[in-house]
Amino acid sequence: MTVGVSGDLIANRYRLLNLIGSGGFGEVWRAVDTHRSYEVALKLIRTRDRSAAWREASLLTALKSEHILEVNNADVAIDVPYLDTALAACSLDARCEPYGVEETQAVNWMRRALRGLDLCHKRGLLHRDVKPQNIFLTTSGVAKLGDFGVAGLMDASGTAPPHGDLRICAPELVTGGRATVASDVYSAACSLYALVAGRLPFAGITDQAILVDAIAHGKYPSVRDVAPNVSQALADKIRIGMSPTPGDRFVNAAAFDSVLALPERARRFSPRQPHNGHLRCWSVTGRGSAIDVCTVQGSRARRVAVETVRRPSGNRVRRLCFECAERELPVRLRAVFNDLRD
């Protein structure tokens with residue numbers, strides 16, 4: 001059911017311009033706040049629970065932080081709850097899909113989102129849907145946590161009913177447990193995986209029963225199998241954040257943020273759009289040289305060639321190439337990137 005229509009005036013204040021996104025929660029519109037002559041993102045929530053909307057409004061308007069997408073106003077108009085938030089340039093899924101981003105950039109974005117998440121938890125609120133689509137970049141390139149449409153109040157035991165996107169749900173939620181700080185931490189780790197890999201850990205599983213089983217048993221590809229350019233140090237932190245047992249994860253969002261303070265690297269490994277008909281490509285910068293690492297179709301079926309091109313200075317080029325079986329590719333690529341990292 002459509003909540004709004006272009007041109008509608010909501011609450012005698014917001015003129016709907018164009019639909020930005022929609023889902024089970026409702027719709028997000030680019031709108032003009034006619035009281036301020038200013039463009040905003042207006043979320044129209046598909047629910048009739050007026051008391052819940054008022055409770056959410058009081059919480060969200062109190063969440064003032066440089067790490068949270070600003071909520072300007074929250075109210076109910078003719079039984080349709082709405083949130084007026086700052087208009088972001090894009091969400092992080094638009095920046096990381098389909099190849100991922102360089103890990104230093106991904107870590108920077110996620111640390112900012114974790115600081116916003118930590119504030120939510122301190123205010124007694126669970127986000128319950130931390131994913132790249134709900135982390136936003138401002139026009140100046142700063143990442144902020146947003147979209148609290150399914151956020152839930154913690155009860156006296158620090159829990160809330162499970163909610164949110166199944167693909168980032170913690171194992172305990174798909175087996176009958178309740179949402180907690182630990183389940184939000186798990187979702188944040190899933191999001192960091194997606195930022196560097198270009199896809200969520202359980203992407204590609206369309207059958208819900210199979211997906212639930214995979215989540216419950218932690219059956220997802222290692223992030224370095226999908227993104228071999230990622231350092232082992234970061235892969236270990238993602239693995240801990242996604243531990244099947246809540247008590248084995250980082251104790252809270254602040255702890256996760258703290259361990260993500262990775263040492264500065266001399267070289268950066270950035271996924272790039274494949275060129276020249278290649279399968280996968282990365283650019284390596286730093287230490288005074290530019291290096292391309294690319295995979296191409298091998299000489300026989302199910303074989304892949306890995307080509308490394310160095311441009312140390314001027315027009316001099318050093319080209320290295322080897323071929324391997326497709327199943328061996330992740331291991332061989334990790335070795336290539338480890339050699340370049342040392």
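Begin by selecting residues 268–272 and 280–286, which are strands β12 and β13, paired in the antiparallel sense over five bridges; strands (E, at least two residues) and helices (H or I, at least four) are DSSP runs numbered from the N terminus, and two strands pair if DSSP finds at least two bridges between them. The model is a predicted one, in which local features need pLDDT of at least 70 and side-chain atom pairs count only at pLDDT 80 or more, while totals for chains, interfaces and linings use all residues. Residues are numbered from 1 along each chain as its sequence is written, and side-chain values use heavy atoms, with hydrogens and water left out.

Within this pair of strands, Pro271 stands opposite Trp282 in β13. The hairpin of β13 and β14 has two residues between the strands, and Arg287 in the turn has a positive phi of about 55 degrees.

Next, select Arg13 and Asp33, whose side chains meet in a salt bridge (2.8 Å, N to O), a term for a side-chain nitrogen of Lys or Arg within 4 Å of a carboxyl oxygen of Asp or Glu. Arg13 is buried at a relative accessible area of 19%, and Asp33 is buried at 0%, where buried means under 20% relative accessible area, exposed over 50% and partly exposed in between (1.4 Å probe, protein chains only).

Finally, select Asp236 and Arg239, which form a salt bridge at 3.8 Å, N to O; Asp236 is partly exposed at 27% relative accessibility.
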